[in-house]
Amino acid sequence: MMASAAVSVLLLSAQPAAAMLESDFDPYRTSCTYDTSNVVTYNIADDFGSGNVNRSAIISAINAAEDYWDTTDPDANIVLEIDAGTWDIAGSPAIRLIGLNSTRQNDDGWLIFKGQSMALTTLNFTDIEARGFFGRNAYRVHFCNFHITRDQETVSQGEIVGYLQGASWSADPDPDVYGDETLDNPGTFDTSGTTSEFPVVELHSGFPTIADIYNDDFGQGRYTKRWRYNANGEPYRVQDDQQAPWEQYADYGSGRWVLGMYNDPGYEIGDTIAIKSKLAGEPFFFNQGDSITVENIRVTRASRMLFRGGVDNITFRNVSIERQASVGGRIPFLSTAEGGPQMGQPDEGPLTNIVVEDMQAFGTGDDPLAAFDVTGLFVTSSTFSDSFARGILLDDTSTTPCITDTLVERAPIAPENPSYAWGCQSDSTPPSAVTFLTASAATAGVDLSWTDTPPMDFDGYVITRTEAGGSPYEIANGVSGTSYTDISAEAGVQYTYEIEAFDTSRNRSSAASVTITP
């Protein structure tokens, strides 16, 4: 099946337009950054797949590349060209890159998987639990110009329509299988507003059932969180709402499902929630090695890109993690059940030189960008919006991060070490405070505007919102202009907004504030 440029437009329409303007992501970019002076090209379909791109053809192409390096020229860049089309990659395990170039670490040859564009070339991994590409001790691998996805939605959502009172689950029949308890006693269905650990969710039309997204082999990653739509139909995460874990489920009939929560979530009747369970395999997983580039890649339905064991020199350039355009007439709350690139883990050994540029991620099921024990993380010209967890997670073992020209909305930048020596710091002089800050009610939220004369090293504005009687919450970090619309503000609620300017050294000005009840 041939993919089309129209698919690109539809996918992009699922993302909030105002946020997209902040990122330099370009859906039509097709230039892949590699040395073209010494290149050997294989066409996967023509040379190895009898006109088709499938698992066997891709593996054969990888083997041919290794043979060429061994017998002819270890310094050649080998391009594995993927034709336009939607190509079903069936079965498991992942396409493996085990020890790729590990015996040629001092040579120059890269392996480059190159499609025609994000809009024209799609790799659809039909086994939802299978990883896409898995590398161990792999060196110099470049992925460029394609869309990677799965057969089905990997998250669900719906509306709280009631609670079961006096219900109970059966004893666990098999401790090695998750979620195999049955609703032994359904109790009584209650719509009075009294909550319990047994919420009943009516799924929105077109979204997967809870059984379809459940992973009975894996005990982590099952959470719910409140999400809403504003008057323009844009989804947003409810301010500072804590994720609520769940474990069991039961089909209650007529599109309704009972969730077995660890604790009473306190959701009100009519609340809408996102529901995630980590079932899908990662598109990319590399353990040990060096020099991995992901460029001009669109990711849907499964998004976690894992780098473990000290992989150095990783580049993400012009990468997009997107929601589907519409499911049952709604923009989905979540794009995937997982986050985006995750570099390292605590105590695993440092990773060095990680570059993230021109990236965007909307509604990821975890941090869209996470760095553990990373030295030299550089993030620029990117947008991260409405993630289930943090917008960017910087573990306290990471050092010298630098974040510039990047917008993070409705999910905070979370440095676990508040005394970071920022890698882009050049001075300690903060910008002046903004002036003439105003707030006005809008059709979908609150419009903020202000006046400023920014310094030469200006980088952006931080906007913090506090509900009456609540705690401050950072709703946007990295706003570039002198206006902003808070799409998550709700009518009848009093908000106090504070705006601070910051420069490329992360120095912040004093705050200007305004209070409004839209």
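Visitor: Is Arg410 buried or exposed?

Guide: Start with the general idea. A residue counts as buried when its relative accessible area is under 20%, and as exposed when that area is over 50%. Now the case here. This is a predicted model. Arg410 has a relative accessibility of 3%, so it counts as buried.

Visitor: Where does Arg410 lie?

Guide: Arg410 lies in the loop between β27 and β28, and β28 covers residues 413-415. Look at its backbone too. Phi of Arg410 is near 50 degrees, a positive value in a residue other than glycine.

Visitor: What should I read about the peptide bond from Ser92 to Pro93?

Guide: Read omega. For the bond from Ser92 to Pro93, omega is near 5 degrees, and the bond is cis. Pro93 belongs to the loop between β3 (85-89) and β4 (95-98).

Visitor: Which residues are in contact with Arg55, neighbours within four places aside?

Guide: Contact means heavy atoms within 4.5 Å. With those neighbours set aside, Arg55 is in contact with Ile89, Ala90, Gly91, Ser92, Pro93, Ala94, Ile95 and Phe125. That list includes both Ser92 and Pro93, the two ends of the cis bond.

Visitor: Where is Arg55, and is it buried or exposed?

Guide: Arg55 is in helix α4, which runs over residues 55-71. Its relative accessibility is 13%, so Arg55 counts as buried.

Visitor: How far apart are Arg55 and Ser192 in sequence and in space?

Guide: Read the two separations side by side. Arg55 and Ser192 are 137 residues apart in sequence. Their C-alpha atoms are 53 Å apart in space. Now try another pair. Gln345 and Ala370 have 25 residues of separation in sequence and 9.4 Å in space, C-alpha to C-alpha.

Visitor: Where is Gln345, and what does it touch?

Guide: Find the loop between β19 (341-343) and β20 (351-357); Gln345 is there. Residues up to four places away are not counted. Beyond them, Gln345 touches Arg308, Phe372 and Asp373. Gln345 has a relative accessible area of 26%, so it is partly exposed.

Visitor: How does a strand residue such as Ile148 read?

Guide: Ile148 is in strand β7, residues 133-150. At 2% relative accessibility, Ile148 counts as buried. Leaving out residues up to four places away, Ile148 touches several others, among them Leu123, Phe125, Pro283, Phe284 and Val299. Phe125 is also one of the contacts of Arg55. For distance, pair Ile148 with Gly349. They are 201 residues apart in sequence and 29 Å apart in space, C-alpha to C-alpha.

Visitor: Is Ser381 buried or exposed?

Guide: Ser381 has a relative accessible area of 8%, so it is buried. Its place is the loop between β23 (374-380) and β24 (383-385). From Ser381 to Ile321 is 60 residues in sequence and 15 Å in space, C-alpha to C-alpha.

Visitor: Now the whole chain. How many helices and strands does it have?

Guide: The chain has five helices and 35 strands. Its radius of gyration is 24 Å, close to the 24 Å that the globule rule gives for 518 residues, so the chain is as compact as a globular protein of that length. Its C-alpha atoms fill a box of roughly 75 × 65 × 45 Å along the principal axes. Of the 518 residues, 57% count as buried.

Visitor: What share of the contacts joins residues 24 or more positions apart?

Guide: Among contacts with a separation of 6 or more, such pairs account for 71%.

Visitor: What can I read from the surface and the charges?

Guide: The accessible surface comes to about 19200 Å², and 45% of it belongs to carbon and sulfur atoms. The chain carries 29 positive and 72 negative charges, and their mean positions are 1 Å apart.

Visitor: Which domain does the UniProt annotation give for residues 430-518?

Guide: The unreviewed UniProt entry annotates that span as "Fibronectin type-III". In the model, the span is 0% helix and 56% strand. Its end C-alpha atoms lie 32 Å apart.

Notes
Residues numbered from 1 in each chain as written. Predicted model: local features only at pLDDT ≥ 70, side-chain atom pairs only at ≥ 80, totals over all residues. Heavy atoms only, no water. UniProt positions renumbered as here; feature names shortened; annotations may be inferred. Helix = DSSP H or I, 4+ residues; strand = E, 2+ residues; numbered from the N terminus. Rg over C-alpha atoms; globule rule 2.2 N^0.38 Å. Buried < 20%, exposed > 50% of the residue type's maximum accessible area, 1.4 Å probe, protein only. Areas by Shrake-Rupley, 256 points an atom, 1.4 Å probe, with all protein chains shown as cover. Lys, Arg positive; Asp, Glu negative; His and termini not counted. Charge placed at Lys NZ, Arg CZ, Asp CG, Glu CD.
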